[in-house]
Amino acid sequence: MKRSFVELLNAYRQLWSNRSLANDQNLNEENSRQLLLETIEKELRDEMTHPRVRQSPEVKFYIALQRIMLSSLSDHEKLELIKLHLEVMNKISHY
């Protein structure tokens with residue numbers, strides 16, 4: 001059973017409570033999907049960090065997976081978020 005992207009965006013917010021993301025009221029399923037994928041890509045590219053101290057996408061991917069696995073999210077939410085991280089990582093990497 002796949003969760004909706006609105007639910008996954010809320011799960012992602014639980015992992016990163018200090019990040020400000022768009023308000024739910026304006027987000028439908030497609031907008032939530034787009035925002036979640038863009039946010040994960042920013043996270044993996046370490047765009048929120050000064051360029052001189054950025055880490056590689058591989059390091060950020062490892063850190064993100066640790067954060068997901070150690071969270072209190074349900075196993076299903078964890079799996080869905082890991083799948084999305086894999087999708088984005090495949091997109092931005094040269095593998």
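Gln34 is found in helix H2, where helices (H or I, at least four residues) and strands (E, at least two) are DSSP runs numbered from the N terminus. This is a predicted model, in which local features need pLDDT of at least 70, side-chain atom pairs count only at pLDDT 80 or more, and totals for chains, interfaces and linings use all residues. Residues are numbered from 1 along each chain as its sequence is written, and side-chain values use heavy atoms, with hydrogens and water left out.

**Exercise 1. Check the length of H2 and find what covers its buried residues.**

Step 1: The expected span of a helix is 1.5 Å times one less than its number of residues. The 17 residues of H2 should therefore span 24 Å, and the end C-alpha atoms are 24 Å apart, which agrees.

Step 2: List the buried residues of H2: Ser32, Leu35, Leu36, Leu37, Thr39, Ile40, Glu41, Glu43 and Leu44.

Step 3: Look for the cover, which includes H1, H3 and H4.

**Exercise 2. Do the same for H4.**

Step 1: H4 (residues 75–92) has 18 residues and so should span 26 Å; its end C-alpha atoms are 26 Å apart, in agreement.

Step 2: Its buried residues are Glu77, Lys78, Glu80, Leu81, Ile82, Leu84, His85, Val88, Met89 and Ile92.

Step 3: Their cover includes helix H1 (5–15), helix H2 (29–45) and helix H3 (57–69).

**Exercise 3. How do H3 and H4 pack, and which residues make the contact?**

Step 1: Two packed helices are described by the angle between their axes and the distance between the axes. Axes are lines fitted to C-alpha atoms, for helices over the stretch in contact, and angles run from 0 to 180 degrees between N-to-C directions.

Step 2: H3 and H4 pack at about 175 degrees, with their axes 10 Å apart. That makes H3 roughly antiparallel to H4 (an angle over 145 degrees; under 35 would be roughly parallel, 65 to 115 roughly perpendicular and the rest oblique).

Step 3: H3 contributes Pro57, Glu58, Phe61, Ala64, Leu65, Ile68 and Met69, while H4 contributes Lys78, Leu81, Ile82, His85, Leu86, Met89 and Ile92.

Step 4: Sorted by class, the contact has eleven nonpolar, one polar and two charged residues. Here Ala, Val, Leu, Ile, Met, Phe, Trp, Tyr, Cys and Pro count as nonpolar, Asp, Glu, Lys and Arg as charged, and the others, Gly among them, as polar.

**Exercise 4. Describe Asp46.**

Step 1: Asp46 lies in the loop between H2 and H3.

Step 2: Its phi is positive, about 60 degrees, although Asp46 is not a glycine.

Step 3: At a relative accessible area of 5%, Asp46 is buried.

**Exercise 5. Summarise the chain.**

Step 1: The chain has four helices and zero strands, in the pattern α-α-α-α along the sequence.

Step 2: Of its 95 residues, 38% are buried.

Terms used:
Buried means under 20% relative accessible area, exposed over 50%, partly exposed in between (1.4 Å probe, protein chains only). Contact means heavy atoms within 4.5 Å.
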